[in-house]
Amino acid sequence: MNGNHHNFDLKGLLKKVFFLDLIQGLFITFNYTFSKTVTMKYPDEETWIPYRRFRGLHTLNRNKEGKELCVGCELCQKSCPTQCITVVPMQDTTGKGIADRVAYRWEINLLRCMFCGLCEDACPTEALKLGREYELAGTSMQRQLRTKEELLTPQAIPGEFEGGVIVKARLETDETGIKIVPDMSVQKRWW
Amino acid sequence: MAEQMFFFVFAILAVGSAIAVVSLRNPVHSVISLMVCFLQMAALFVMLRAPFIAVVQVFVYVGAVLVLFLFVIMMLDISKAGMERFVSGGQLWVIALLGVLVIEMVLIVSRSRLAVITAPAAGRLTGTVREVGEALFTKYILPFEVVSLILLVALLGAIVLGRKELR
Amino acid sequence: MIELLLIGIKVVVVTLIVFALPLPLTYIERKVAGHIQVRLGPYRVGPHGILQPFADMIKLMFKEDIVPAKADPWLFRIAPVIAMVPAFAVFATIPFGEKVTLPIVNYEVNLYISNMDTGILYVLAIAGLSVYGIILGGWASNSKYPLLGGLRSSAQMISYELALSFACIGVVMIVNSLSLLDIVRAQSGWHWNILYQPVGFVIFFIAGLAEINRIPFDLPEDEGTLGAGYHAEYSSMRFAFFMLTEYVAMVSMSILIVLLFLGGWDGPVFLPGILWFLLKVAMLIYIIIWTRFTFPRYRYDQLMSIGWKILLPLSLANILITGLIII
């Protein structure tokens with residue numbers, strides 16, 4: 001109609017003959033070759049600290065005086081959809097809890113837990129929180145049964161820490177499983 | 001001495017693989033035997049102080065022609081092709097004919113000038129390419145051109161036959 | 001006697017070096033790939049992952065060598081070897097430098113195993129034989145995708161070897177010899193053939209990429225559509241042999257390009273010739289790896305039309321023009 005296709009496309013031909021598009025592509029990848037990489041050197045050198053909303057391994061909290069917040073009300077056990085929490089309450093007047101009732105046993109079976117966080121919502125005293133530890137691989141089934149004593153020891157990442165950063169880390173393996181020890185002093189964001 | 005030993009190794013392998021080409025059931029195995037045969041022939045060419053011919057043998061026959069063979073044969077239904085006998089039982093006269101041909105060839109070779117064994121020009125491994133080229137384009141220019149014309153005609157014929165619609 | 005001994009030593013040394021080359025090359029390839037994709041590549045085995053190739057080697061050695069039940073057992077087993085032998089045989093006639101004098105015994109050594117009168121033809125012919133391993137491996141697997149890979153390989157090889165050898169003819173016409181040593185010597189003093197044969201160089205490079213099955217022409221092992229293609233059924237050391245062949249072919253193709261077009265060991269005097277040679281080869285290997293992670297793969301019909309409709313006529317025209325200029 002317009003007869004334009006009869007026109008000799010010199011620019012296009014030159015582009016083809018001298019592989020200009022291909023060379024342009026090569027330079028793009030060349031620039032990327034020497035740009036900063038985004039790979040996180042997990043788990044040997046770095047690890048990712050999740051945000052506070054993250055739902056990882058459970059932690060049982062204490063109040064400011066160091067008293068156990070858990071009153072053994074068993075609401076978490078009742079709210080658990082997979083029935084992986086076992087709570088046995090007992091009376092205690094020594095004052096290690098905030099009331100005269102504490103948990104005698106508080107166990108969670110991590111093999112069944114799906115980290116839904118319903119137990120956390122059900123807890124009336126904010127004793128139970130889902131923490132930010134997620135390297136839970138172990139070598140035995142027994143290891144996945146976490147007891148009260150373990151959960152009462154504070155996790156490496158403090159609960160009030162904002163998260164969302166990469167920190168230095170160290171991988172430790174022993175006969176029970178792996179452990180990544182974060183070093184919170186050096187923090188960076190990858191973007 | 002060593003040369004003779006090598007000659008026998010190559011010659012026996014060449015004849016053996018040539019027999020394998022016609023006797024093996026599986027066409028792909030036949031092509032592999034043919035490849036071995038061609039490679040042995042190339043080695044024999046080297047022993048005849050003709051490295052250029054040897055390399056061309058490998059280049060053209062092993063490198064290109066046999067790859068084409070394989071390309072076609074790989075598409076065959078091997079199980080069906082393997083069932084067919086090369087010489088069926090009732091056709092024993094074919095073997096007799098083969099024997100006659102062998103005798104004829106032996107006679108021709110032994111009576112001809114080719115039978116006169118000339119000692120290979122020892123150490124003449126250089127400069128052969130130039131000689132071959134000069135001979136081809138001066139002394140044998142006519143046969144060379146005729147052969148190329150024949151090949152061209154064959155090529156055109158193949159294209160005409162291969163075209164789908166003939167007007 | 002000492003000549004024979006020397007040739008024996010040279011054969012052993014070259015074979016060992018070529019055998020060991022794929023180890024660093026796999027590492028380099030994966031590192032370059034990683035950094036092009038803004039990743040790190042192998043990092044955990046040894047400092048910066050430097051021991052990764054050895055880990056891979058050990059893994060491949062101890063894996064089970066599986067032969068599929070319906071495969072042609074004999075051809076299936078021998079195909080990787082058929083692929084590997086020509087890749088090594090190519091090095092018989094490749095020169096690595098001018099004569100050197102050994103420092104202690106004061107004996108002159110040629111840096112090649114044999115200087116054939118028909119060197120370049122020999123290299124091209126033998127390098128072309130590697131494709132048999134691929135075709136037979138594909139056919140003997142008795143499986144759909146390997147067979148398609150083998151078929152593609154044979155068609156690709158025939159289409160591109162023509163352009164590859166025609167691109168050499170221009171160089172041979174200028175140098176007036178088929179010997180690789182003569183070709184390199186004729187280029188000394190910056191008379192590199194790439195200056196006189198730029199079109200030939202481009203054709204040779206592209207056809208060479210197709211010949212050694214590298215992206216953008218790696219259709220025989222097309223992961224996207226054929227799932228590893230011709231070596232889909234292979235495991236363990238037989239698979240390693242195919243990988244080895246691929247890397248050795250990459251090295252020999254780079255060496256060939258350097259010898260034919262980039263002046264071999266010719267370069268400014270402040271470095272010895274052999275270092276210039278290795279530097280150029282390393283640069284070409286890097287370029288080949290770089291292209292691999294830059295370009296997508298061609299479609300099969302595009303591959304055929306590039307080979308037959310562009311490269312072949314172009315290489316013929318190149319020969320014609322070279323001839324006219326020489327006359």
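Across the B–C interface, 20 residues of chain B are in contact with 22 residues of chain C, where contact requires C-beta atoms, placed from the backbone, to lie within 7 Å. On the side of chain B that touches chain C, α2 (27-47), α3 (51-73) and α6 (128-139) of chain B each supply at least two residues. Helices here are DSSP runs of H or I with at least four residues, strands are DSSP runs of E with at least two, and both are numbered from the N terminus. The leading contributor to this side of chain B is α3(B), with 12 residues. In composition, the side of chain B that touches chain C holds 16 nonpolar residues, 4 polar residues and no charged residues. The nonpolar class comprises Ala, Val, Leu, Ile, Met, Phe, Trp, Tyr, Cys and Pro; Asp, Glu, Lys and Arg count as charged, and the others, Gly among them, as polar.

The model is predicted: local features need pLDDT of at least 70 and side-chain atom pairs count only at pLDDT 80 or more, whereas totals for chains, interfaces and linings use all residues. Residues are numbered from 1 along each chain as its sequence is written, while chains are lettered from A and ligands numbered from 1 in the order in which they are written.

Of the 2 pairs of chains in contact, chains B and C share the most contacts. Chain A also meets chain C: 11 residues of chain A are in contact with 12 residues of chain C. The side of chain A that touches chain C is made up of 3 nonpolar, 6 polar and 2 charged residues. Chains A and B, by contrast, are joined by no contact, and their closest C-alpha atoms lie 30 Å apart.

Chain A contains an open sheet of 3 strands in the order β1-β7-β8, with antiparallel pairing; two strands pair if DSSP finds at least two bridges between them. Because β1 (46-49) and β8 (178-188) of chain A stand at the edges, each with a single partner strand, one side of each is left without a neighbour in the sheet. From one strand to the next, the twist averages 45°, with axes fitted as lines to C-alpha atoms and angles running from 0 to 180 degrees between N-to-C directions.

| Strand pair | Bridges | Direction |
|---|---|---|
| β7(A) (residues 165-173) and β8(A) | 8 bridges | antiparallel |
| β1(A) and β7(A) | 4 bridges | antiparallel |

A hairpin of 4 residues connects β7(A) to β8(A). Within the sheet, Ile166(A) of β7(A) is the bridge partner of Trp48(A), and Lys188(A) in β8(A) is the bridge partner of Ile166(A). Ala169(A) stands opposite Pro182(A) in β8(A).
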